[in-house]
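Here is a short tour of one model. Keep the sequence and the 3D view open as you read.

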Amino acid sequence: MQLGFYFDQNRCTGCFACSIACKDWHDIPAGPARWMRLLYQEEGKFPDVFVSHMATPCYHCSEPVCAFVCPNEAVTKRDEDGIVVIDRDKCREEKTCGIITSTNGNGLYGEQEAPCHIACPAHIRIPAYIALIAKGKFKEALDVVLRNMPLPSVCGRICLNPCETECRRKDLDEPVAIEALKRFVTDNVPQELPQALPQTQPDRVGIVGSGPAGLAAAYDLIRMGYGVTVFESLPVAGGMLAVGIPEHRLPREMLKRDIDYIEALGVEIRTGTPVDLGKGLDDLLGQGYGAVMLALGAHKGQKLDIPGADLDDVLVGTSFMKDVNAGKALKVGPKVLVVGGGNVAIDCARSAIRLGATEVHVTCLECAEDMPAESSEQEQAEQEGIQLHPSLNVVRILSDGGRVSGAECHGIEGLVFDENGRPTFQTVKGSEQTFAADTVIFAIGQTPELTGLAGDGGIETSPMGTIAADSETLMTGRRGIFSAGDAVNGPTSAVDAIASGQRAAFYINRYLQGDVLRVLPEELVNVGDIKVDIPPDKEKQAREVMPLLPVDQRVANFSEVALGLNEEAAIREAERCLNCAGHLCKDACPYGSPQFADEEKARMQKCDLCIERWAEGKKPICMDACPPHALDAGTLEELRKKYGDVTEAYAFTYSPVVQPSVVTRPKIRSVGK
Ligand SMILES: Cc1cc2nc3c(=O)[nH]c(=O)nc-3n(C[C@H](O)[C@H](O)[C@H](O)COP(=O)(O)OP(=O)(O)OC[C@H]3O[C@@H](n4cnc5c(N)ncnc54)[C@H](O)[C@@H]3O)c2cc1C
Ligand code: SF4
């Protein structure tokens, strides 16, 4: 048997009598905490704003994730009635739950976030999914990841991991392998495609570009109830994930897995459909798209303006990688020189080796410590025989009979980039050297391809050649047209593009609701200010190492090099997490039901449907208090029988794991107003 909660949005007037009665009955101290809460929701375009409320009590899930993550086993589900109960004596008792000692003045337990969580641009609830992995609950862990991350299989492989840089385990030994753990769940949980979500908002949104920024915005907008169409000029979806990053780092079936999930939710992706950036935008708005987002990426590669740069065998990195990923029969000479120090340069070099080059050199302006490519990428490249040459400036491409024969370089020092990314440095006298090369590949940065955009009703470009958009709302100079990802920020990273797409989706929603666009800026916590007191009895434990394909098996093909952690290693690695912020139950719960009231040693509290009143034949106090009788409780069968046309509390139903025991009668409204 499972007890459930019924909420009729049509009857609720938003008087909050339920919340007040709840606070009073349970003697909850003054402050915002109350176990029964109503969320005020506004939908629809101004002035036809449509107001409803949504109850957010504990849903007594059939598989409660809060119980799985609690280190003290303080949360259990009762067999007899399916109620999830808390043992408040056990909560925060024997095992550590939260070791942060101070933040930017926010001292409330339960309000703090772990350093990794803050550092992740997509704001994934990292400690909660790691705790679920440690308990062997892999599917539930993936579900937590999916709440904030549209591309988990991709980001489990190629993310630049700002979370790991901030992980406080490094103060004891080494950071937790957060990325490898995310990859572990995507590799090991069989995919269950979600059902398509109903369109509950009158508007459709058009997104131009199917890279991580476009897909992230689509993922959030469809979950907010909008119709979403993504227009992609290339024959494949995924942006640089599909045509830039090589398969030995990101197998295409993993990208497909993530995109299949987004499409299953109802996002329509039209590949092979370029949008004209002039008239095409007018057409989209004219076709009834309420807002349009430009997530065009930065695909136009650059060469240095030096003698010889226009020779035939001098290539640009992005075009080279597009050809590699399209499976074109490319020929590179036996000797290849790549100019650039980022991931794109290393990808070009490692791809050249796989295409048959026998001698590959990479030169860059940065010194060895500052080379922007990930250190693991540099290491793997060196294992494959690629030679890295930092602190070098290429001054001329040499030729013989009209063909590339090499490049002349000078050693440099004192490298500084100005605010527009332009380098200044001094040349070291007598440091000239020459590399023999048959092919030279420039991988020194990209800009967006914006042909057709110039002069188009208010959309301007920045001095960097990117689309100019408001830094907070990401709306361009033209109303209703937003932009995100590399098209606005210049070449960054997949997770930055995702975060940018998520931000744009948030503001597109506000725009379509006719809301004031700007919101009060959130008070940002500086991750460096968080103090974490590692318990003195915590022992050192080495970080699990990702096994790699042996070098001789990798250099002749594009097979994936990193092989992933096995189950034992993943659990061991997850157990290394210190659970810095604590309140894992709150982070894991998809409904934000657990609360920590402000008291000396705050312990978890949440709605248990006033179970003590049931013994006396009474229903929860909120039901008695509700004047229009909008609330009820009983077994799920009883509620379905009594109220007939009810639905599970959607907005949450995208989750394949969580099965809410709340049924709701949604507010009646007309879509398409
Ligand atoms: C070789 C390489 C390696 C990289 N390695 C990493 C890495 O290891 N880790 C990492 O985090 N990042 C990496 N990046 C960077 C990362 O891929 C990008 O930062 C990210 O993909 C940007 O996302 P986006 O959505 O803004 O743009 P993109 O991914 O570039 O997607 C933009 C999409 O818009 C489409 N488009 C453009 N104009 C139109 C139009 N007019 N009509 C219709 N469609 C249009 C494009 O075809 C493209 O598919 C790498 C990039 C490259 C090139
Ligand atoms: S130890 Fe765990 S909670 Fe703390 S920063 Fe690292 S991954 Fe996050």
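Two residues are in contact if their C-beta atoms, placed from the backbone, lie within 7 Å. Helices (H or I, at least four residues) and strands (E, at least two) are DSSP runs, numbered from the N terminus. This is a predicted model, in which local features need pLDDT of at least 70, side-chain atom pairs count only at pLDDT 80 or more, and totals for chains, interfaces and linings use all residues. Residues are numbered from 1 along each chain as its sequence is written, while chains are lettered from A and ligands numbered from 1 in the order in which they are written.

Start at helix 8, residues 178-188. A residue is buried if 20 or more other C-beta atoms lie within 10 Å of its own, exposed if 12 or fewer, and partly exposed in between. In helix 8, 8 of the 11 residues are buried, so the rest of the structure largely encloses this helix. Among them are I178, L181, F184 and V185, along with K182 and R183. The buried residues pack against helix 3 (115-119), helix 4 (126-134), helix 5 (138-148), helix 6 (152-158), helix 7 (162-166) and helix 19 (567-574).

Helix 3 and helix 4 each supply at least two residues of its shell. The largest share, 3 residues, comes from helix 4. A residue counts as near a molecule if its C-beta atom lies within 6 Å of it. Of the 15 residues around ligand 2, C116, C167, C577, L578 and C580 come nearest. By class, this shell has 12 nonpolar, 1 polar and 2 charged residues. Here Ala, Val, Leu, Ile, Met, Phe, Trp, Tyr, Cys and Pro count as nonpolar, Asp, Glu, Lys and Arg as charged, and the others, Gly among them, as polar.

Now move to ligand 1. It is surrounded by 40 residues, with G209, G211, G239, G297 and G485 closest. Helix 13 (317-325) and helix 14 (343-354) are among the elements that give two or more residues to this shell. Where does ligand 1 lie relative to domain 2 and domain 3? Both domain 2 (204-299 + 448-512) and domain 3 (300-447) give residues to the shell, so ligand 1 lies between them. The domain bounds come from an automatic or database domain assignment.

Next, the sheet. Its 5 strands form an open sheet in the order 12-20-13-14-15, with parallel pairing. Two strands pair if DSSP finds at least two bridges between them. Strand 14 (residues 359-363) and strand 15 pair over 3 bridges, and T363 stands opposite H389 in strand 15.
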